[in-house]
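Hi,

Here is the model we talked about, with the sequence alongside. Have a look at it first, and then read my notes below.

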Amino acid sequence: RNTHESKVELLTLISEPLRSEIHYEVHAPLLTQHPFFLLYNRRNPAGIRQICHTTVSTLYLSRGDVLFSEFEVPATPSMFFVCSGKLAYSQGIVEHHKVF
């Protein structure tokens, strides 16, 4: 597992612009794999840097964890990118019937 940024004391000592640049370098390669963010990065590099610095966060999940549920309305809308591993997505109620 990676160490959360808040636990790295040296990061509290660097300037805000440098921290913003680090966030861009860490998050932009994955974010810009999505066509919208790729175009946005080309049209507004400062905007994508702001997104990387202020809105992107990392979430670790384990096997069996539920990321969200059908009909759930989050307080803050979110977008998820799977960086590694597998994510199974199913929609609707899944019923299992025995066939004789």
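**What I found**

The buried residues of helix 1 pack against helix 2 (35-43) and helix 3 (45-54), where a contact is a pair of heavy atoms within 4.5 Å. Helices here are DSSP runs (H or I, at least four residues), numbered from the N terminus.

Before the details, some ground rules. This is a predicted model, in which local features need pLDDT of at least 70 and side-chain atom pairs count only at pLDDT 80 or more, while totals for chains, interfaces and linings use all residues. Residues are numbered from 1 along each chain as its sequence is written, and side-chain values use heavy atoms, with hydrogens and water left out.

**Helix 1**

This helix covers residues 16-31, 16 residues in total, and spans 21 Å from its first C-alpha to its last. That is close to the expected 22 Å, the expected span being 1.5 Å times one less than the number of residues. There is a kink of about 30° at Glu25, shortly before the proline Pro29. The bend at a residue is the angle between axes fitted to the seven residues ending there and the seven starting there.

Which residues of helix 1 are buried? They are Arg19, Ser20, His23, Tyr24, His27, Ala28 and Leu31. "Buried" means under 20% relative accessible area, "exposed" over 50%, and "partly exposed" in between (1.4 Å probe, protein chains only). Leu18 also sits in helix 1, but at 42% relative accessibility Leu18 counts as partly exposed.

**Salt bridges**

How many salt bridges does the structure hold? There are two, taking a salt bridge as a side-chain nitrogen of Lys or Arg within 4 Å of a carboxyl oxygen of Asp or Glu.

One joins the side chains of Glu16 and Arg19, at 2.6 Å from N to O. Both residues belong to helix 1 and are three residues apart, about one turn of the helix. Glu16 is partly exposed, at 43% relative accessible area, whereas Arg19 is buried, at 16%.

The other is between Glu21 and Arg49, whose closest N and O atoms are 3.1 Å apart. This pair links distant parts of the chain, with Glu21 in helix 1 and Arg49 in helix 3, 28 residues apart. Glu21 is partly exposed at 28% relative accessibility, and Arg49 is partly exposed at 23%.

**Helix 3**

On this side, Gly47, Ile48, Cys52 and His53 are buried. The buried residues of helix 3 pack against helix 1 and helix 2. Pro45 is in helix 3 as well, and is partly exposed with a relative accessible area of 37%.

**Aromatic rings**

Rings of Phe, Tyr and Trp (its six-membered ring) pair if their centres lie within 6.5 Å; planes under 30 degrees apart are stacked, over 60 edge-to-face, and the rest tilted. By this rule there are five aromatic pairs. Among them, Phe36 and Phe37 have ring centres 5.2 Å apart and planes at 80°, so this pair is edge-to-face. Phe36 and Tyr40 have centres 5.9 Å apart and planes at 10°, so that pair is stacked. Phe36 and Tyr40 are four residues apart in helix 2, about one helical turn.

Phe36, Phe37, Tyr40 and Phe81 make up one aromatic cluster. Within this group, Phe37 is buried at 11% relative accessible area, while Tyr40 is partly exposed at 25%.

Have a look at Phe71, in the segment after helix 3. Phi of Phe71 is near 70°, a positive value in a residue other than glycine. Most residues other than glycine have a negative phi. Phe71 is exposed, with a relative accessible area of 76%.

Cheers

Definitions and conventions. Helices (H or I, at least four residues) and strands (E, at least two) are DSSP runs, numbered from the N terminus.
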